[in-house]
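Reader: Before we discuss any single feature, could you show me the sequence and the structure, so that I can follow your reading of them?

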Amino acid sequence: MVKKPIVTADEAVKLIKEGDAVMVGGFLGCGSPTGLIAALEKRGTGKLTLICNDCAMYNPKTGDMNGVAPLVAKKRFSVAVVSHIGTNPEIQRQMNEGETDVRLVPQGTLAERIRAAGAGLGGVLTPTGLGTEVQDGKKVVEVDGVKFLLEKALKGDVALIRAKKADKSGNCVYDKSGRNFNPLMAMACDTVIVEADEIVEIGELDPEVVVTPSVFVTHIVQGRK
Amino acid sequence: MEYVANKETIAKRIARFFKNGDVVNLGIGLPTLVGNYVPEGVELILQSENGFMGLGPAPEAGEEDPMLVNAGGMPVTIKAGGCYFDSAMSFAIIRGGHIAATVLGVLEVDQEGNLANYKIPGKMVPGMGGAMDLTVGAKTVFAATQHFDAKGNSKLLRRCKLPLTAAAQVDYVVTDVGLFQVKDGAFVLKEYFKPYTVDYILETTDADIVVDKDCKEVDLA
């Protein structure tokens, strides 16, 4: 089995160019690749499109933040494609003042659009959003008398993924509710950087329990201890 | 008659709907309380849209695991027999009709079964998260809300004014004064909760209400 390059977080984020669409795993910060996010913050790459479940949590009183919130605070995103922003008042402010283009997508639709891109599909037909603002500008397709919205596949340039374990070929397993969007995003980008809590030898992961097959992964980073 | 907001009443009544083994998704906030009032002998299997089922109670202090949180980001536990999955599987379960019920919070709900709970344009825009998929996919959709807002306005309306989370998907609205089924463009009053009366509900609610022929008083105290 061919090994994938193991690189530092600082080296890995050099693969992200200004203006790229970056998918970041995690749900309210749980299962987010914190080392890669910190390295990207330090490098300063901007004008990015964020594709993520949310903009993670930020408490203006304490200054506490998690997930992608530090990148939001530094205004590294010109576009955010997310399902929920209720836990980050800074992105709401940026949206209301026109600084960031926030595109809200229903969570299940976001997941399925990403999966579709990774699976070579043009999009999905979903009943979610019919009769709401989500329908605006989209094609309604009727299948056997039932109406669906056509939601297009969503691709990214670089995915930042957090795994519990990755073997050196890139097979990944995840950690409890930290799985969320990670395995889907790993399918949908040209460059897929996995930050693994633990990197193990090829053969150490039981093939029956691998969640993300190595074929999707391009780079591996040792997560923070 | 004086209105006293009471979230427990709402949670208690919704909890009585469920059968043993029902797979249910409870929204964050008031809907989460429903889990506290499930009748004896009924075990709910709670689905958490961030990626698992078999959601258990909050852990003891000091036992929190940052990798095991609910859809509101709060530490939780998982019961024996639970399992983890990714977000596409989570919403396949939700959208594919495999969930018996969902309980969601309300900004506005109307007599056509429309629900608004994700956006007040220009003021508060938390986003829909999983709510749009839940309302479309769950077999039964409960809207859980206090009967009046902080200003005393009825939360049950003839027509929602805010952007919709779901068009014509709500099956039941449970407030702290009564239980309403949404049917044929009206709220059908099935139960009124002690100490409120049918007349009180008809007078104070800004919507078309049909009093069910079997409408009865229920004491949830």
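Reader: Which scores does the model carry, and what average pLDDT does chain B have?

Author: This is a predicted model, with scores of ipTM 0.97 and pTM 0.97. Chain B has an average pLDDT of 96, and 100% of its residues score at least 70.

Reader: How many helices and strands are there in chain B, and what does its radius of gyration say?

Author: Chain B contains four helices and 13 strands. Its radius of gyration is 17 Å, close to the 17 Å given by the globule rule for 221 residues, so chain B is as compact as a globular protein of that length. Along its principal axes, the C-alpha trace of chain B spans about 50 × 40 × 30 Å. Of the 221 residues in chain B, 46% are buried, and among its contacts with a separation of 6 or more, 63% are between residues 24 or more positions apart.

Reader: How should I read the pairing of strands, and in which sense do E1(B), E2(B) and E3(B) pair?

Author: Strands of a sheet pair through backbone hydrogen bonds, and they do so in either a parallel or an antiparallel sense. In chain B, strand E1 (residues 23-26) and strand E2 (residues 45-48) run parallel and are joined by two bridges, with B:Val24 standing opposite B:Leu46. E2(B) is also joined by two bridges to strand E3 (residues 52-56), but here the strands run antiparallel, and B:Gln47 has B:Met53 as its bridge partner. E2(B) and E3(B) form a hairpin with three residues between the strands, in which B:Gly51 takes a positive phi near 135°.

Reader: Which strands stand at the edges of the open sheet of three strands in chain B?

Author: That open sheet has the order E7-E6-E9, with mixed pairing. Strand E7 (115-116) and strand E9 (156-157) of chain B are at the edges, and each has a single partner strand, so one side of each is left without a neighbour in the sheet. Strand E6 (residues 108-110) of chain B runs antiparallel to E7(B), to which two bridges join it, and B:Val109 stands opposite B:Leu115.

Reader: Which strands of chain A pair with E8(A)?

Author: Strand E6 (residues 123-126) of chain A pairs with strand E8 (residues 146-152) of chain A in the antiparallel sense over four bridges, and A:Leu125 stands opposite A:Leu150 in that pairing. Strand E7 (residues 140-143) of chain A also runs antiparallel to E8(A) and is joined to it by four bridges, where A:Val140 stands opposite A:Leu149. E7(A) and E8(A) make a hairpin with two residues between them, and A:Asp144 in the turn has a positive phi of about 50°.

Reader: Is A:Lys4 buried or exposed?

Author: The reading rests on a count of neighbours, for which the cut-off is 20 or more other C-beta atoms within 10 Å. A:Lys4 is buried, because 20 other C-beta atoms lie within 10 Å. A:Lys4 is found in the segment before strand E1 (6-7) of chain A, and, leaving aside residues up to four places away in sequence, A:Lys4 touches A:Lys168, A:Ser169, A:Gly170, A:Val217, A:Thr218, A:His219 and A:Ile220. A:Lys4 and A:Leu149, by comparison, are 145 residues apart in sequence and 39 Å apart in space, C-alpha to C-alpha.

Reader: Which residues of helix H1 (residues 7-15) of chain B are buried, and against what do they pack?

Author: The buried residues in H1(B) are B:Thr9, B:Ile10, B:Ala11, B:Lys12, B:Arg13 and B:Ile14. These buried residues pack against strands E5 (101-104), E8 (140-144), E10 (172-174), E11 (178-183) and E12 (186-193) of chain B.

Reader: Which residues of the largest nonpolar core touch the most other members?

Author: In this core of 126 residues, they are A:Leu50, A:Ala159 and A:Val194. Strand E9 (residues 156-167) of chain A gives the core its largest share, six residues. Not counting residues up to four places away in sequence, A:Leu50 touches several residues, including A:Val22, A:Phe77 and A:Val82.

Reader: How many residues does each chain bring to the contact?

Author: The size of an interface is often given as the accessible area lost when the parts come together. Counted by residues, the contact here takes 31 from chain B and 38 from chain A. On the chain B side, the elements that give two or more residues are helix H2 (87-95) and helix H3 (131-137), and H2(B) provides the largest share, five residues. By class, this side has 17 nonpolar, nine polar and five charged residues.

Key. Residues are numbered from 1 along each chain as its sequence is written. Chains are lettered from A and ligands numbered from 1 in the order in which they are written. This is a predicted model: local features need pLDDT of at least 70, side-chain atom pairs count only at pLDDT 80 or more; totals for chains, interfaces and linings use all residues. A nonpolar core is a set of buried Ala, Val, Leu, Ile, Met, Phe, Trp, Tyr and Cys residues joined through C-beta atoms within 7 Å. A residue is buried if 20 or more other C-beta atoms lie within 10 Å of its own, exposed if 12 or fewer, and partly exposed in between; C-beta atoms are placed from the backbone. Two residues are in contact if their C-beta atoms, placed from the backbone, lie within 7 Å. Ala, Val, Leu, Ile, Met, Phe, Trp, Tyr, Cys and Pro count as nonpolar, Asp, Glu, Lys and Arg as charged, and the others, Gly among them, as polar. Two strands pair if DSSP finds at least two bridges between them. The radius of gyration is taken over C-alpha atoms; the globule rule is 2.2 Å times the number of residues to the power 0.38. pLDDT is the predictor's confidence in each residue, from 0 to 100.
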